[in-house]
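Subject: Structure handover

Hello,

Please open it first and then read the notes below.

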Amino acid sequence: MLLALSGGADSVALLHTLTALRNREGFSLSAAHVHHGLRPEAEQDAAFVVALCDTMDVPVTVTRVTVGPGNLEAAARE
């Protein structure tokens, strides 16, 4: 199972829940974090996600993207 992990409260709570279920049910779990660089805290968000996944033994991939011109929200989703 792959979890999209922003580092916000909702996705972190889901990570904790899925980790507990993984340990009980035995499925594999990994996480993905997209670093849009849109907020000043983006570097800290990515570092937090990596550190959290490390402590929970969840493989994580951080992908850095550049958001193009135009509608910021639509470009970030792409």
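In this predicted model, the largest pocket is lined by 15 residues. Those lying nearest its centre are Ser6, His33, Val34, His35 and His36. The volume of this pocket is about 280 Å³. Strand E2 (30–35) and helix H2 (42–55) each give at least two residues to the lining, and the largest share, four residues, is from E2. Sorted by class, the lining holds six nonpolar, seven polar and two charged residues.

His35 belongs to strand E2. Is His35 buried or exposed? Its relative accessible area is 7%, which is under the 20% cut-off, so His35 counts as buried. A polar atom of the His35 side chain lies 3.2 Å from the backbone nitrogen of Gly37. Leaving aside residues up to four places away in sequence, His35 touches Ala42, Glu43, Ala46, Val62, Thr63, Arg64 and Val65.

Next, the salt bridges. The count is four. One of them joins Arg24 and Glu25, with the closest N and O atoms 3.1 Å apart; both of these residues are exposed.

Which residues are linked in a network of salt bridges? They are Arg39, Glu41 and Asp45. Between Arg39 and Glu41 the N to O distance is 3.1 Å, while the closest N and O atoms of Arg39 and Asp45 are 2.3 Å apart. Arg39 is partly exposed at 45% relative accessible area, as is Glu41 at 37%. Asp45, at 22% relative accessibility, is also partly exposed, because buried would require a value under 20%.

Regards

Methods:
Residues are numbered from 1 along each chain as its sequence is written. This is a predicted model: local features need pLDDT of at least 70, side-chain atom pairs count only at pLDDT 80 or more; totals for chains, interfaces and linings use all residues. Side-chain values use heavy atoms; hydrogens and water are left out. On a 1 Å grid over the protein atoms alone, a cavity is a set of points where a 1.4 Å probe fits but cannot get out, and a pocket is an open set with protein on both sides within 12 Å along at least five of seven lines; lining residues have an atom within 4 Å of a point. Grid points are joined across faces, edges and corners, and a volume is the space filled by probe spheres set on the points. Ala, Val, Leu, Ile, Met, Phe, Trp, Tyr, Cys and Pro count as nonpolar, Asp, Glu, Lys and Arg as charged, and the others, Gly among them, as polar. Buried means under 20% relative accessible area, exposed over 50%, partly exposed in between (1.4 Å probe, protein chains only). A polar contact is a pair of N or O atoms within 3.5 Å; within protein, one must be able to donate a hydrogen and the other to accept it, and residues adjacent in sequence count only if both atoms are side-chain atoms. Contact means heavy atoms within 4.5 Å. A salt bridge is a side-chain nitrogen of Lys or Arg within 4 Å of a carboxyl oxygen of Asp or Glu.
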